[in-house]
Amino acid sequence: MENKNKKTCYVTTPIYYASGNVHIGNSYSTIVCDVFARYNRLKGIDTFFLTGMDEHGQKIEEAAKKAGKSPQEMVNDIAKSTKELWKNLNITNDDFIQTSEIRHTEVVQQLFEKMLKNKDIYLGYYEGDYCVACEAYFTKTQVGEECICPDCGKPTRKVKEESYFLNLKKYSNRLLKYIEENPDFIQPESRKNEVVSFIEQGLEDLCVSRTSFKWGIPVLSNPRHVIYVWIDALCNYITALGYGSKDETLYNKFWLNGDEVVHVVGKDILRFHAIYWPIILMALDIPIKFKLYAHGWVLMKEGKMSKSVGNIIYPLDVTKRYGLDPLRYYLTREMPLGNDCLFSYDRFIERYNTDLANDLGNLLSRTIAMINKYFDGVVIKPKEKSDTFATELENLSKEVINNYNENFSNFRFQNGLTEVWSLISRANKYIDETTPWILAKDEDKKAELNSVMYHLYEVLRLVAIMVMPVMPDTSKIMFEEMGVLPENQAFDSLEYGKTSDVKVVTKPIVLFKRLDLVEEQKYHQEKNVAKKEEAPTKNEISIEDFSKIDLRVAEVIEASKMEGSDKLLILKVKIDDKPRQIISGISEFYAPLDLVGKKIVVVANLKPVKIRGHLSEGMILTASSSKNSLEVIQILKENNFAKIS
Ligand SMILES: [Zn+2]
């Protein structure tokens, strides 16, 4: 239901980790929050929109060291470029918080002390396998005998350290009760069930400090420890509002007495927001005012975006070629709340051509052209009653406006936009039904023709208002083209028949120029090749480094898939007549039988490791080819190959 009494709205994106450039996935979260913030403001609701950066941790400390900067310098640089990006994407955030700012760190220190005093936080020991890259601890079963991070595949480190813990157990029943009593707390429903079953399995107390690195907020009463990630990161939602500072005006207005607080999170961080954050608030005796909207990931055809696959799309790649509004539209339209969405240029171009160039763009240019041709560009509100077709269009408009509001106020933008486009389609059909070009031939039908023009005009005006939160620039151009008076551009004029007399522009512009699919595909292919050529080479090594590698020719005797793995093959090879076993992650690219009998190149002096319980004594040389695939390096003429050592 749309909450008609809502007076304030506070909406937040996750704070992004300050470790690199923001790609299209993070941009999605920020764009949908922006759509929500704009929608609420247009509805006259006092809205505060927060985004920011999560800036502490070992990974950042190490990255800064590598870059020859202080961690503070590094995160400031990243914050600066991220702010710039949001400006380019027309994001209307009211604040941008960096967790290294004093307004945040000082308050977090106080909150930590408070929880310590109340015994919600206690000192203990943590022992575990830790992945630096992922900044996460894993259990023995997760890392296996080889101590490999299950998320990124890098080796984990054994760590035992003194650590503070947040007592989650104490609050888990209260949290379950809260979730049960507040059915809107976690949306969509499917995600809520995941969280509930996770809590029901029993919560382990959460480790909330570290002594193994320095780049974090020191614990006030024991500065050997820095406060580790979740208490630090999650509290940004209230420190940004001035909670715990001298001026708590914003906190009082938007949180304590606020009508709606929305945290938008990706599904990968839902658990932290649905469990740790409410428990932290309970421990601090702060009311849980927020609800969570969990969204999926923006996937590529090849799966998740990743640097190693080379399929990351940055938002400016898209906006530079196609403009900003089409990107905002695509992401808002394609992603159903809670599910993943696919980003592919083919799909993007299809949507662009169908929805924007054809349906919306043509309706606007045709209507303006006809108003010019038949009435010298003047639209006058008809005096007579509407005919059947027009009444149908009016009724549909009313229905669409209601559904649009219902959907947009509940973060279901995809459904909301589908509604708007159903009205656009109906208006296009209305032109075919009323055949204005035939009416124009008959002087007696002048009034009828005027009524048709008026109805088309009003539909376009309503559409221009409804797309405002998603495509603000497009909406503005539409208003200009149609000569819509300022008072008829606002959300409270979202009603059929508000226009009396107006004049449209003489010559309509092309709102969205149609794209040629083949030409665009060619462009992206060429760009991909260029991108790969530009890809930075790794750190230089000396000839001495290289000479340590013992490369040998090996013949594959046997090859089989490793049970339970999609990626790994077990190869039995012979080097100088001696048998060896090598595990290789090439199962996606080679059928085992194709390798048998082949002569390949092997790094023979690699330290043996156990991979999933199988011994691997060496590594097969492969090279990546242009199609994101791997090719095993083969020996064609053995005699021509000399050993390097
Ligand atoms: Zn990892």
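**Domains and overall make-up**

Author: The chain is divided into domain 1 (8-295), domain 2 (343-503) and domain 3 (543-640), with bounds that come from an automatic or database domain assignment. The model is predicted, so local features need a pLDDT of at least 70 and side-chain atom pairs count only at pLDDT 80 or more, whereas totals for chains, interfaces and linings use all residues. Residues are numbered from 1 along each chain as its sequence is written.

Reader: How many helices and strands are there in the chain, and what makes a stretch count as one?

Author: There are 22 helices and 27 strands; both are DSSP runs numbered from the N terminus, a helix being H or I over at least four residues and a strand being E over at least two. The C-alpha atoms of the chain fill a box of roughly 100 × 70 × 45 Å along the principal axes, and the C-alpha centres of domain 1 and domain 3 lie 43 Å apart.

**The sheet**

Reader: How do you know in what order the 4 strands of the open sheet lie?

Author: The order β6-β5-β7-β9, with antiparallel pairing, follows from which strands pair, and two strands pair if DSSP finds at least two bridges between them. β5 and β6 have 3 bridges, β5 (residues 121-131) and β7 have 10, and β7 (residues 157-166) and β9 have 2, so each of these pairs meets the cut-off of at least two.

Reader: Where in α11 does the kink lie?

Author: The kink is at Tyr 276, shortly before the proline Pro 278, and amounts to about 25°; this bend is the angle between axes fitted to the seven residues ending at a residue and the seven starting there. Just after the helix, Asp 285 takes a positive phi of about 60°.

Reader: Why is Cys 147 called partly exposed, and why is Asp 577 called exposed?

Author: A residue is buried if 20 or more other C-beta atoms (placed from the backbone) lie within 10 Å of its own, exposed if 12 or fewer do, and partly exposed in between. Cys 147 has 16 such neighbours and is therefore partly exposed, while Asp 577 has 6 and is therefore exposed. Cys 147, in the loop between α5 (140-143) and β7, has a positive phi of about 55° although it is not a glycine. Asp 577, in the loop between β20 (569-575) and β21 (578-584), has one of about 70°. Most residues other than glycine have a negative phi. In the chain as a whole, 37% of the 645 residues count as buried, and those in α11 include Tyr 276, Trp 277 and Pro 278.

Reader: Which residues does the cis peptide bond join?

Author: The bond joins Gln 187 and Pro 188, with omega about 0°, and Pro 188 lies in the loop between β8 (186-187) and α7 (189-200).

**The nonpolar core**

Reader: What makes a group of residues a core, and where does the largest one lie?

Author: A nonpolar core is a set of buried Ala, Val, Leu, Ile, Met, Phe, Trp, Tyr and Cys residues joined through C-beta atoms within 7 Å. The largest has 137 residues, and among those touching the most other members are Val 11, Phe 36 and Val 463. Its largest share, 13 residues, comes from helix α18 (residues 446-466). Domain 1 and domain 2 both give residues to this core, so it lies between them. Apart from it lies another core of 15 residues, including Leu 568 and Ile 583.
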